[in-house]
Structures are given as C-alpha cells and as structure tokens.
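I opened the notebook to record a few look-ups. Each entry names a topic and notes what I found.

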Amino acid sequence: MSKKPPEMAWVEELHPELTAYCYRMLGCVFDAEDAVQDTMLRAWKGWDSFRNESSPRTWIYRIATNVCLDKVRGSKRRVIPIDFSEPVSTVRVPTETLPLTDWIWPVPDNVIDPVDVTIRKDTIRLAFIAALQTLPPRQRAVLILQDVYRWSASQTARVLETSITSVNSALQRARRTLNRANLKSEALNDVDAEVNQGLIDRYVDAFERSDIDALIELFHEDGSISMPPFVIWISGRANLAAFYELTRSHCAGSRLLPTRVNGTVALAQYARGQSNEQLAPWGIHVPEIRDNRIIHVHTFIHPAIYSRLGLPTKLDLTI
C-alpha cells in the first residue's frame, strides 16, 4: 500500500473537528469515529483526482458528509429515552431494552475539537443532538454547516453539490422542523451554563454512600433519570426515591469517577460485578442542572464508552 502524500497531513489535523461534525450527524461516537476513518481512507484514495475545484476543507467535508449520508440511509432515528416514551407510572426494575443502534450515545470531550467543548458547547449537548436527529439527513447537514459552523450558503452548496437556492430552502425547512419538534428533551436546553461543582460533589457523596434522602434533595421536584439501552425512565422525587431504594443493592459500594462528555461534567460509575475484589464499568452519569438542582440524569449503560474516555476497565476495591 502506498504512503499517504505529505501534503495530506492537514487532513489528519482535522480529525477532532470531523469527529464532532460526524457525531452531530450520526448521534453516536462509535459511528462518528468509523465515519471519520472512512473519510480519511476515501480522501487518501481520492487525493490524485482532487483538482482544487473547491477548497481542501470543502472537499474533505464533502467526503465526510457523503459518508454520513451513506451511514444513515434507511436507518432509524436515534433517540434518548425521554423522547421515546412516557415516564413509568409504576416504579420497577428495568428489563426492556432496545438495540444499541436505537439510542443516542455521548461523545467524550477528549475526542472532539476543543472549540466544540468551549465556544460551541451548546451545539454538542445531548438535547441538541436529539433535536438534530429529527431532521432528514441532508437538512441536518445544512443546518450543522450553517447554524453551527457558520458556513456560507455557497460553501454549503459546494459540500452538498447542489445550488445555493436548494441550500437556503433546506435550511428554512430544517429550522421549521426543529421549532415544531416538541421533544421532551427540549427542556434540557434550558440548563445552567456552568455546572456547580459543589452540587456534583454532593451527588457523588450521596450516591456512593447510598444516602437516598440526600440524593433526592439534589433533584428538582420533577427531576428525572434515564438509563439507555433500557426504555424505562423515572420522573418525580417520590418515584426517584422508590427507584433508588429498589436498586440499592445493585449500586451499593459503587464508585464514581469524574470525566467529561458533550461539553459537560460526567461521572463514570463502577459497580460490583462477579468479582468481590473489583468494580466493573456500569454507566456514565450525565447530570443536567438547572438553577443549581438536577433536572435530569442520563445514565448511559454502554461499557465500551469507558475506553474512549481513557478510563480504567476495572477498579480495585482497595483504591
């Protein structure tokens, strides 16, 4: 296999930026990483045919967009539980799950462009990702390129190989669709810009001590939790207290380690498994906070995410 031409080094530098773009398109870090790898491969193979008919950045985004469009063709829309069903009326241990491919999954801050984590973090939050998935794929691409990355209509048209008129029309339709999407997760757009670390510390302390009363005090009255791939989600302090009591034996002895996903604070839970000497990855807690109280906690039960976060695959109980 021939070596990559040295003039393509700039493409490798775009890896974090392209990962964030593909994640917004696809709603899953694993799919986004696959899409970026496919983009790099196609760019490498197609370098000799690149004739500078557009800018290099436009060319690479055209490839990435086509890769993403290929991936979502014929696939179901990814969601988060609060947009999929109503909260349970009777608290119970969760049993019903959907395939991993049905759910939106978080993206670690350490694999995407730092600009997305700081300046554009509102457009990487889970609620925004959920809203994007309601759009037809080409409209999704147009809205991301223009409203997130602030590209011009002419740049976007070159990426999608269409007319400026078509791009402007797609952008208007995309904005209308988002305005009438009426997702429950829209409420999670109205969260505190900065997370109160003291609140997070109290959450960790109460969770690790299995102090349910202290934990519930940190939530709003209508606070909620979800646990994809489980379909079930729980809303309201009374129901949360009942659920935490019901699952106390599973979570007892857990440890929470700090990490970051989607531009915000997260906590990696390690729970007791088959070993009496070690804790195993269980789920990534992502608290959504409004007015210094928790409005929702996403707990993403997908241990493969831990490696992307650079987290250990086990914890000794002595640590």
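**Entry 1: Q139**

In which helix is the place of Q139? I found Q139 in helix 8, residues 137-148. I kept in mind that this is a predicted model.

I then listed the partners of Q139, leaving aside neighbours within four places in sequence. Q139 is in contact with A170, R173, A174 and T177.

**Entry 2: aromatic pairs**

How many aromatic pairs does the structure hold? I counted nine aromatic pairs. I took up the pair of Y21 and Y61. Their centres are 5.1 Å apart, with 65 degrees between the planes, and the pair is edge-to-face.

I looked up where the two partners sit. Y21 is in helix 2 (residues 15-26), and Y61 is in helix 4 (residues 56-72). They are 40 residues apart, and the pair links distant parts of the chain. Both Y21 and Y61 are buried.

Which residues form one aromatic cluster with Y21 and Y61? I noted Y149 and W151.

**Entry 3: helix 2 against helix 4**

I stayed with the two helices that hold this pair. Helix 2 and helix 4 pack at an angle of about 35 degrees. Their axes are 10 Å apart. I recorded the crossing of helix 2 and helix 4 as right-handed.

Which residues make the contact? From helix 2 I listed E17, L18, Y21, C22, M25 and L26. From helix 4 I listed R57, I60, Y61, A64, T65, C68, L69, K71 and V72. Y21 and Y61 are thus on this list, and they form the edge-to-face pair noted above.

I sorted the contact of helix 2 with helix 4 by class. It has eleven nonpolar, one polar and three charged residues.

**Entry 4: helix 3 against helix 4**

At what angle do helix 3 and helix 4 pack? For helix 3 (residues 29-46) and helix 4 I noted an angle of about 130 degrees, with the axes 9 Å apart. That makes helix 3 oblique to helix 4. Helix 3 passes helix 4 in a right-handed crossing.

I wrote down the contact residues. Helix 3 gives D31, D34, A35, D38, T39, R42, A43 and G46. Helix 4 gives W59, I60, I63, A64, N66, V67, C68, D70 and K71. By class, the contact of helix 3 with helix 4 has eight nonpolar, three polar and six charged residues.

**Entry 5: I80**

Where is the place of I80? I found I80 in the loop between helix 4 and helix 5 (81-84). Its relative accessible area is 1%, so I80 is buried.

I looked for its partners, not counting residues up to four places away in sequence. I80 touches W103, I104, A130, S185 and H298. I also noted Q133, which is 53 residues from I80 in sequence. The C-alpha to C-alpha distance of I80 and Q133 is 10 Å.

**Entry 6: D211**

I found D211 in the loop between helix 11 (197-208) and helix 12 (212-216). At 25% relative accessibility, D211 counts as partly exposed.

How many residues apart in sequence are D211 and A252? They are 41 residues apart in sequence and 9.9 Å apart in space, C-alpha to C-alpha.

**Entry 7: backbone look-ups**

Most residues other than glycine have a negative phi, and most peptide bonds are trans. I went looking for departures from this.

The peptide bond from P228 to P229 is cis, with omega near 15 degrees. P229 is in the loop between strand 1 (219-226) and strand 2 (233-235).

N262 has a positive phi, near 50 degrees. I found N262 in the loop between strand 3 (255-261) and strand 4 (264-272). Its relative accessible area is 1%, so N262 is buried.

N292 has a positive phi of about 60 degrees. I found N292 in the loop between strand 5 (278-290) and strand 6 (293-300). Is N292 buried or partly exposed? N292 is partly exposed, with a relative accessible area of 42%.

Conventions
Residues are numbered from 1 along each chain as its sequence is written. This is a predicted model: local features need pLDDT of at least 70, side-chain atom pairs count only at pLDDT 80 or more; totals for chains, interfaces and linings use all residues. Side-chain values use heavy atoms; hydrogens and water are left out. Rings of Phe, Tyr and Trp (its six-membered ring) pair if their centres lie within 6.5 Å; planes under 30 degrees apart count as stacked, over 60 as edge-to-face and the rest as tilted. Helices (H or I, at least four residues) and strands (E, at least two) are DSSP runs, numbered from the N terminus. Buried means under 20% relative accessible area, exposed over 50%, partly exposed in between (1.4 Å probe, protein chains only). Axes are lines fitted to C-alpha atoms, for helices over the stretch in contact, and angles run from 0 to 180 degrees between N-to-C directions. Angles under 35 degrees count as roughly parallel, over 145 as roughly antiparallel, 65 to 115 as roughly perpendicular and the rest as oblique. A crossing is left-handed if the near helix is turned anticlockwise from the far one by less than a right angle, and right-handed if clockwise. Contact means heavy atoms within 4.5 Å. Ala, Val, Leu, Ile, Met, Phe, Trp, Tyr, Cys and Pro count as nonpolar, Asp, Glu, Lys and Arg as charged, and the others, Gly among them, as polar.
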